[in-house]
Structures are given as structure tokens and as C-alpha cells.
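Dear colleague,

I am passing the structure below on to you, and my notes on what was found in it follow. Please read them with the structure open beside you.

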Amino acid sequence: MAVVDTSAVDARAAQITEPSPGALLRRRIFGHAGLMIGVTVLAVIFLMALLAPWISPHDPFDQILDRKLIPPIWTDSPKATWVHPLGTDQLGRDYLSRLFWGARISLLIGFAAMLISGVIGTTIGVLAGYFGGKVDMVANFIITTRLSMPVVLVALAVVSMIGSSLTVVIWVLGLLIWDRFAVVMRSATMQVRNLDFVAAAQALGCSTPRIILTEILPNVANHLIVVATIEMAHAILLEAALSFLGLGVQPPEPSWGLMISEAKGLMFFDAWLIAIPGTALFLLVLSINLMGDGVRDVTAPDGRS
Amino acid sequence: MKHWLTPAVALAAAAGLWSAPALAGKADDTLNWATDREVAVVDPYYNNTRELVVMGHLGWDALLFRNLDTGQYEPLLATSWEWIDNVTMELELREGVTFHDGSSFGSEDVVYTINHVVNEDNGVLTIKNVNWMKSAEALGPHKVRIHLAKPFPAAEPYLSNAVFIVPEGHYDSAPAGADGKKDFGAVSPVGTGPYKFVEVKAGEYVLWEKNGAYFDDSPKGTPQIGNVRFRTIKEMNTQLAEILTGGLDWIWDVPKDQAERLEATGQVTVENAKTMRVSYMAFDVDGDSGQDFFTKKKVRQAVAHAIDRESLTRNLVGPASVVIHSACHPDQFGCTQDVPKWDYDPAKAKALLAEAGYPDGFEFDIYAYRQREFTEAVIGDLAKVGIKANLTFLQYRALRDLVWEGKTPINHMTWGSNSIPDVSAITSHFFSGGRDDPAKDSEVIALLAEGDTTTDPVAREEAYKKALAKVSGELYWLPMFTYAKYYVFSKDLNFQTTSDEIPRFFAASWN
Amino acid sequence: MVSYVLKRLGIAVLVAVTVSLITFSMIYLSGDPAVALAGETATEEDIEQIRRYYGYDRPILVQYADWLFRAVQGDFGQSHYLKKPVGDVIFERLPTTMMLGLCALIFALTLSIPLGVLAAIRPNSLIDRVALTIAVVGQAMPSFWFALTMMLWFGIYWRLLPITGSASWANFVMPSIALGYYITPGVMRLTRAGMMEVLSADYIRTARAKGLRPITVLFKHALRNAIIPVVSLAAVQFGFMLGGSIVIETIFAINGLGFLAWESIQRADLPMMQAIVLVLSIFYIVLTFLADMLNAWLDPRIRVA
């Protein structure tokens with residue numbers, strides 16, 4: 001709440017002093033509660049992932065079968081111990097350590113799949129939006145074709161046929177979820193390309209790739225960031241769904257989706273086993289979404305949409 | 001224009017879905033059991049799933065009956081049988097037995113069934129179950145002669161588990177498929193068994209009802225429960241939810257942790273029973289996979305010493321599971337544990353690795369398809385001696401392709417021997433030089449051929465023992481453990497678990 | 001208008017053909033279909049027999065041409081596993097999935113449209129925050145987790161609803177909510193955005209200025225215009241749901257198209273997989289085509305674009 005209050009004060013201050021656009025943007029960023037929460041949570045998860053080798057109390061792969069399924073410390077089970085604050089999994093591996101290491105894989109999947117789809121989608125979208133005409137028609141055709149194929153079904157079929165691994169999952173997701181990038185980038189580019197500064201650059205004789213890179217892309221970057229967050233969250237959830245059906249990341253790699261999938265069998269009996277990675281995944285996706293919403297609000301100040 | 005493309009028609013059909021739910025269990029005298037598999041074809045010859053083995057014994061009878069307590073073969077549809085020579089068998093058939101359609105059972109049915117299934121053009125799915133026979137002929141109204149294709153000592157196990165008798169002309173009415181070939185699996189099931197087929201809805205259920213006219217002195221007993229309904233429920237959690245709330249009466253393949261917790265609720269009966277399935281790890285002995293670590297026997301020994309099979313069995317599989325040392329199931333004829341053994345000894349494993357030139361271990365790919373957590377436990381054990389195993393988890397068919405192409409450095413797989421209690425169904429399958437054979441050891445191949453075609457039991461055992469000792473001694477396989485299955489069933493149900501993975505629902509009753 | 005319709009129709013057909021080509025070639029990722037078909041206990045002779053039986057020994061292009069020619073006539077061949085005509089099986093399962101999709105859509109719309117409208121009328125009020133929370137939470141929660149949690153409470157603990165089956169209306173409650181909740185956020189955001197835009201439009205101000213009752217303005221003028229994009233989104237989302245019901249149908253053992261798809265993937269029933277992907281794609285293509293037509297009819301500006 002403190003953040004919101006500050007913003008109110010800032011807003012009043014703004015009326016008096018008429019600050020620079022940069023300062024206004026900073027205020028909007030720091031005044032946006034959702035954005036701040038999202039960024040903070042994401043930063044914490046990112047740090048967990050980054051520091052996993054140093055902050056993990058145990059080796060995440062070290063199994064001790066005779067110590068399996070120790071409950072976390074907040075349960076009143078006599079087996080609960082501070083040696084394993086979040087307990088151990090079905091193979092006696094430390095749950096807290098796996099959670100830290102799992103952050104790496106889940107972030108990696110989300111980020112890499114988003115990157116692949118971003119490159120594909122942005123290329124198609126920007127080209128379509130910039131050149132229009134025939135190029136746009138072809139791009140539209142490709143986008144429509146892609147949209148008409150059911151993502152989950154195709155992903156499952158492909159992964160089941162070529163065998164699943166971290167790399168396969170990233171590529172399959174990346175190659176499937178670029179549609180939103182293409183659609184949004186196309187319309188954003190269309191708006192920008194008719195603006196004066198693009199025409200000016202064209203008149204100056206700048207090469208087309210240069211115009212796209214230096215004039216178009218920076219001006220559609222805010223849309224790009226918003227879509228990137230959506231697709232990153234989308235990829236993480238899709239991986240969880242694939243893992244649920246046994247076709248996601250393969251063990252013993254501790255992705256959060258995989259941890260949920262491995263724990264699902266005991267969810268009626270040891271709910272904590274699925275609640276821990278489930279909550280982590282939920283917070284990750286939530287924070288990414290909040291960040292995306294925040295970026296959109298901050299860059300389009302006429303209210304969120 | 002095909003009708004199903006129009007949503008309006010589909011919606012109209014959807015309106016028909018709103019009907020009353022079915023009751024279940026003791027209240028309506030229906031035993032509901034479920035697995036995760038869909039059954040569409042209800043015919044043991046044209047559907048080679050475990051579900052149809054179970055239903056095969058429900059709806060049909062075989063010629064012989066295997067008494068699980070004594071291991072002996074008893075009369076079922078055949079009252080007596082004798083070997084004329086090692087490729088000819090004569091059987092006297094039971095009189096007074098009728099099929100579900102009312103026709104009476106006799107020689108012509110057995111002759112028709114056998115001659116139909118051994119004909120490869122008729123496309124029986126597991127041709128190996130029947131192609132040891134060449135033909136059958138009637139010697140009288142209730143006497144038949146079976147001609148074998150080759151000497152086959154395991155004829156009795158197959159005759160009692162895989163050859164079910166259908167009435168004469170049964171498959172003649174098969175509809176032609178889209179490709180013009182006859183679709184034998186589409187024929188409505190008719191047998192002599194203790195239960196009669198009622199209906200099937202693919203992906204949902206197969207319903208059977210008690211055969212009131214089942215013959216009295218069958219060793220399978222008289223059926224008690226009115227109806228038996230098989231249901232497909234893919235998700236184990238959903239199966240658990242249904243068995244806890246009474247929607248199901250019987251499930252199996254429940255993982256150990258869940259089974260233990262279900263038992264703790266006190267609401268259901270939980271049993272752990274032996275199965276014929278064994279777990280093994282096969283090494284790429286000749287280095288075809290491109291990762292040549294396992295061409296060195298010391299490395300294979302190191303792997304064998306690194307894996308704590310006892311702990312894995314105790315903690316993950318279940319109390320009815322045992323560690324095995326030879327490439328077969330202890331209950332199978334010819335299987336002996338009197339072979340070289342490799343005990344859990346990580347220190348020795350490390351020493352062996354160092355001797356083999358890998359003091360810091362190495363990294364390789366391991367392949368598996370079933371019970372991921374078992375393979376994960378193996379990977380965990382290997383990590384402790386410095387070997388990093390990367391898991392590729394595949395569907396069975398995909399993995400078997402790779403195994404056949406020799407692309408797996410180690411594959412951790414299982415084999416159920418089709419519930420045939422004979423070493424020929426496993427050791428000979430894997431080590432006779434075929435695609436599954438990791439070593440193609442000519443000595444083993446010769447020994448197995450000797451065991452497979454000799455009729456003298458003692459000589460067979462001797463040959464198999466030598467072969468098994470070589471396989472374990474050279475570590476072509478690291479035999480792991482026997483599978484144990486957790487059965488969970490309603491407290492209302494009086495059910496006897498068996499060691500061959502064939503639940504006898506015809507012998508079950510309500511408490 | 002006619003030329004617009006024809007153009008859209010031409011694109012739709014072209015997309016359908018492209019999808020069919022992709023679908024067909026995708027299936028061959030798995031290697032030898034005869035091996036896949038033969039099952040666990042098959043020998044080399046079994047496999048050779050199956051290969052000849054199903055015509056997998058022919059060149060792939062011949063197989064595609066043959067398949068497409070028949071598919072156009074509604075004949076997708078025989079299911080390898082079910083031994084029935086694929087078209088018949090799909091028609092058998094489609095109503096269940098359509099029913100599920102419709103129930104889910106109804107749930108999603110009855111939850112999201114009122115909330116979206118209320119949120120738009122009172123931006124930044126409590127109801128807006130609640131709506132936003134529902135949207136953000138809905139986007140961040142894996143659907144299988146939500147489904148299993150519902151099953152635990154409503155099915156096992158309280159025994160209010162049946163857990164599996166598709167026999168009565170009660171069977172559809174949990175799966176519809178689980179499936180519908182996933183699309184709620186998108187619809188809600190679009191409704192809110194549309195309403196806010198329309199409410200600030202001149203003709204609404206005029207209507208208000210003329211002294212019309214607020215309720216009349218809201219429903220007769222504002223909602224009617226704001227709902228147009230929501231309708232096309234809903235149509236498209238319905239197509240998505242049919243493809244995305246795999247996880248939900250698997251959990252609730254609903255014998256629909258999604259479950260059939262997952263089963264077919266697992267047992268490598270190639271003709272069935274091909275047909276399901278194609279049917280769902282065509283379903284989607286038809287829905288988008290209809291949505292386009294609707295938009296063009298309502299908004300003449302589109303027709304000339």
C-alpha cells in the first residue's frame with residue numbers, strides 16, 4: 001500500500017513541477033503496484049535460480065531411498081526435520097534444493113521458448129507490417145495456418161514421437177507459440193511505419209534492414225516486451241501440462257512442472273508435495289504476468305486494457 | 001459430405017448424452033474394474049493387451065488349465081492329452097459344453113480355431129503365441145490332433161494361456177474393412193467361458209454378464225458375481241478417487257506410496273502380489289551405440305556393483321518383489337539363481353572404474369520406458385560412484401526401435417514373458433541372436449537352442465543354466481528385480497490375487 | 001462483399017490444405033509406423049506382415065495423395081487400433097467434447113462478461129480489483145492442478161459431484177469449470193477494454209446527455225457494441241478449447257475427442273491422429289471464417305480492407 005500512497009503524492013507533485021518525460025515514466029513504473037510486485041517476485045526467483053549451487057542445502061540429485069517422503073517442517077509429523085525444511089520427495093531427494101534448481105529449468109524453458117518464438121514471430125510480424133501487400137498476405141497465411149493447428153495436441157504428438165528432453169520441449173514450444181508475436185508485431189509495425197520519422201529515414205536513403213532495426217523495432221519494443229512476458233508464462237504452463245502427461249522435461253532434472261507431475265500421484269494423501277512446486281510455479285507465472293501487465297500500463301498510460 | 005463435419009448434427013447428438021448415471025458395486029451386483037487402457041477390440045487374438053488376456057479367461061476357455069498352486073496342467077476344454085511324438089499331440093475333448101450362442105462344443109470348433117489362428121494371412125497380432133502349431137485335425141466328434149510346426153516343449157503353457165477356443169465359423173462373418181480385408185476383431189465375441197459378452201463402448205467400458213450355463217466341473221469354478229464391467233480411466237488419481245468413493249471395485253498397478261496410503265485409510269483392501277514381469281538393464285556390449293564404455297567388462301561390473309537393487313526393491317517396488325541374478329523370472333521353468341552374482345558395493349565399483357580408466361567416472365545415455373522412478377533411482381545410484389546417466393524416457397515402441405538399431409548404451413527395460421512360465425519366453429527371446437540380443441554370444445545361442453528343442457526337462461534345465469550363467473557372468477544384462485503389483489479392491493469384494501498378472505474375476509464373489 | 005467472402009474462403013481452403021500436408025508429414029516423425037502398430041510382443045515377421053497389410057510399403061507421396069483424396073470424401077481410413085472407420089469414431093466422440101466445450105464456454109462467459117462490464121463501469125474499484133485478480137490467477141494456474149483440487153474437494157471430501165464419466169449433467173460441472181476458467185481472463189479483459197472504450201465514445205455521451213436511463217445506455221447501446229469482438233474471441237476460444245481439452249478429459253475420464261487424441265498419440269494410431277488434428281484445424285478455420293463474416297457484416301469498414 002505504501003507504494004500506492006507514494007504515487008498519489010507523486011501525482012500531485014507532478015502537477016506542480018511538470019517534470020521531464022523520463023521522470024514521469026520512472027514515477028509510473030515505481031507507482032505501479034502490480035509491476036513492482038511482479039518484478040520483485042521474479043527477481044527473487046531469478047536469484048534462487050542463479051544462486052542455486054550455493055544456497056541449496058543438499059545436492060538436488062542425491063537420493064536416499066530410506067529417507068523418502070519426509071514431510072516439511074510446518075507439518076506436525078515426527079519425521080519432519082530442519083535438515084530438510086521442505087521435506088524430501090519420492091526418491092528421498094531434498095525438496096528445497098530441488099526447488100532452487102528447478103527454478104533454473106523452469107526459467108530456462110520459459111525464456112528459451114519465448115526467445116525462439118519471439119525471433120520467429122517478430123520476423124514474420126515486422127516484415128508483414130513493414131512491407132504490407134504480398135508479403136503481408138503470405139505472412140497472414142502462415143499465421144492463420146499456425147493458429148488453426150491445436151497447440152497442445154501437436155506438441156504432444158511431436159514430443160511423443162521424437163522423444164522428450166529439455167531441448168526437444170524448448171524447441172517444440174518455441175516453434176509453436178510464435179503466433180501472438182507475429183500478430184501483435186504486425187499491427188504495431190503497421191502503425192509505426194506510416195509515421196514521419198520512418199518516411200524521413202526512407203527519404204534519407206537508409207537501407208531497409210537498417211530502418212527496421214533502428215527505427216521500427218525500438219518503437220514497437222514495448223509491445224514486444226508485453227507479448228514476451230505472456231509467451232514466457234504460456235511456455236512455462238505448457239511445459240507443466242506436457243510434464244503432467246509425462247512428455248515434458250525428463251527426470252532427474254528438477255523442473256517445477258516435472259516436480260508437480262511427479263508429486264501428483266500423492267496429492268490426495270500428501271498435499272504439500274504438489275503444493276510446494278505448484279505454488280512456486282503459480283508465483284512465477286503470476287509475477288511474469290503482473291510484469292507484462294505493468295509494462296503495458298506504464299507504456300500506454302490511458303488505462304490498462 | 002460426411003455428416004460429422006456439421007456442428008449442428010453433433011450438437012443434436014450431444015443432447016442425447018443427458019441420461020441417468022449408472023450405479024456400481026455390490027449394490028447392483030456389478031464388479032467394476034479399471035485400467036488406464038482403452039479396449040475397443042474384444043478378442044484375445046486381435047487385441048494383444050493385458051486387458052484382453054484377463055478378459056480372454058473371462059469369456060473363453062482354453063484347452064488346458066494351469067493350476068497355480070501346483071504348477072500342474074489340468075483338464076479344461078480338453079479332458080486328456082498325450083504326445084504322440086515331439087511334434088504331434090492328441091487331445092480328448094469335454095462333452096456337454098455349450099458356447100454362449102447356444103451351439104455345442106466339439107472337435108470342429110478346436111480344428112477351426114487352430115487352423116484359423118495359425119494362418120498368417122488372418123493377422124493374429126501375437127503370432128508367436130500360435131505359430132508353434134502347424135494345423136489341427138478332427139479324429140472324432142470329441143477328439144483332435146494338433147500338429148506342431150517344430151518341437152515345442154512349452155506347448156502346455158501356451159495351450160492353457162494363449163489358445164482360446166471360438167465356435168466353428170466364428171470369424172466367417174467378419175465385416176470387410178475399408179481396405180477390403182476382413183476385420184476379424186469386429187466379430188461379436190462368443191466363447192464358452194464363465195462370462196458372456198454384453199457390450200463394448202471403446203474408451204469407456206466393456207460389459208460382461210454371468211454365463212448361467214457354464215459347465216459345472218470347470219476348474220475355473222462357477223461364476224458368482226452377476227456382471228463384470230471393465231472401465232478405462234487414464235489418470236491414476238482419478239482411479240484412486242473412484243475406488244475411495246465406491247465408483248470402482250478393483251484396480252491394480254497402483255504405485256507403492258499410494259497403495260500404502262490407501263491401506264492406511266482402512267477403506268479398501270490392498271495387496272502386493274508377484275508378477276511374471278522382470279526388470280533388467282541391457283548393456284551395449286559391442287559398442288554399436290557410439291558410447292563404448294560398456295564394451296569393457298570392468299565398467300559393466302562397476303555399474304552392477306553401484307546399483308543398490310535391494311534398497312530399490314524394498315523402497316519403491318513392494319514387498320512381493322525380489323532381486324534377481326539371472327535373466328529370467330524365478331517362477332519360470334529352467335530359471336536358476338545359481339549364477340554369478342554382483343552385490344551392492346559402491347567402493348568396489350569406484351575401484352573398478354579407476355582400473356578401467358575412468359577414475360572420474362563418465363557420462364552416458366540411459367533409456368527407459370516404464371516406471372520412471374525406478375530408472376531415476378538407478379541414475380541416483382550411478383551418480384554416487386561418479387557416473388552421470390542422462391535419461392531418455394520413451395514410449396515402448398520408440399525405445400524398442402532404438403534397441404533394435406543398437407543405439408542404446410544402456411536400456412533399462414522390463415519383460416512380462418506373456419505370463420508364460422518357461423525360460424524360453426524370456427531368455428531365448430532375448431539371447432538367441434535376434435535384434436534384442438545385446439551380445440549375440442554364439443555359445444549362449446547354441447545352449448538356448450538346445451534347451452528350446454529338447455523335450456527332456458533335466459537336459460533343458462542344464463542347458464538353460466549354462467546359458468544363464470554366461471549371461472550374468474559376462475554381464476550382458478544386469479538382471480534387476482521381479483515386479484510386484486499392488487492390487488487395491490473394495491472391502492466388499494472377495495478376490496484372490498495371483499502371481500501371473502491374470503486376475504480371475506470369474507472366481508471373485510461379494511463378501 | 002461477395003469478393004471479400006470469396007477471398008476469405010479461398011484463404012481458408014488453402015490453409016486447410018496446408019494443414020493437411022503438415023499433419024500428414026508430421027506423423028512420419030515416429031519412424032516406421034508398422035513397428036509402432038505391431039505392439040510389445042511382436043516379432044519381425046509380425047511387423048513385415050503389418051507393413052504389407054496397411055500399405056506402408058508404398059512411397060510416402062502416394063500415401064499422402066491417396067489419404068487426401070479419401071479425406072476430402074470424408075473417408076479417413078481405418079483406425080489401426082479400434083479397427084473402425086476413423087470418421088465414425090470421431091463423430092461418436094465429437095458430441096461429448098462439443099458439449100464439454102459449450103458448457104465451459106457458457107461458464108466462462110457468464111463469469112467473465114458481467115465482471116468485465118462491472119469492472120469497466122467502475123475502474124479501479126473493488127470489483128475491478130477482484131476481476132483483475134481472477135484474471136491474473138486464472139492465467140497463472142495450471143489447469144490440471146485446478147481440476148485435481150476440485151476433484152479432491154467436491155468429489156472425495158464433500159461427495160457433491162461424480163468424479164468420472166459422461167453419463168449425466170453433473171459429470172460436466174467440474175470439467176467445464178476447469179476448462180472454462182482458463183479462457184475467462186482473456187474474455188474478461190476484452191469485455192472490460194471494449195466497454196471502457198465504448199463508454200467514452202461520443203454517441204454514449206450523447207445518449208446520456210439526452211437523458212436516457214443509465215441501464216438502457218449500458219445494455220442497449222454500450223454492451224451491444226462492446227460485445228462484437230468478444231463474440232469473435234469466444235468463437236476462436238471455443239476452437240482452442242476443443243483442442244485443449246486433452247488434459248481435462250484425461251483427468252475426468254471423459255470419452256471425448258481430446259481423450260481419443262491422447263490415446264491415439266500413445267498407441268501411435270496414425271490415421272486417427274491425422275484425422276483429429278485435421279478435424280480440429282478445420283473446425284477452427286470454419287469458426288474464424290464465420291467470425292470474420294460476422295465482423296464484416298457488423299462493421300462494413302472491414303469489407304474493403
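**Two contact regions**

In this model, which is predicted, 40 residues of domain 1 of chain B are in contact with 43 residues of domain 2 of chain B.

On the side of domain 1 of chain B that touches domain 2 of chain B, the elements that give two or more residues are strand 8 (195-201), strand 9 (205-210) and strand 10 (227-232) of chain B, and strand 8 of chain B gives the most, with four residues. Sorted by class, that side of domain 1 of chain B has 21 nonpolar, ten polar and nine charged residues.

The other region lies between two chains, where 34 residues of chain A are in contact with 35 residues of chain C. Here the elements of chain A that give two or more residues to the side touching chain C are helix 5 (133-148), helix 6 (151-162), helix 10 (208-244) and helix 12 (271-299), and helix 6 of chain A gives the most, with nine residues. The residues on this side of chain A divide into 25 nonpolar, eight polar and one charged.

With best regards

Conventions
Residues are numbered from 1 along each chain as its sequence is written. Chains are lettered from A and ligands numbered from 1 in the order in which they are written. This is a predicted model: local features need pLDDT of at least 70, side-chain atom pairs count only at pLDDT 80 or more; totals for chains, interfaces and linings use all residues. Two residues are in contact if their C-beta atoms, placed from the backbone, lie within 7 Å. Ala, Val, Leu, Ile, Met, Phe, Trp, Tyr, Cys and Pro count as nonpolar, Asp, Glu, Lys and Arg as charged, and the others, Gly among them, as polar.
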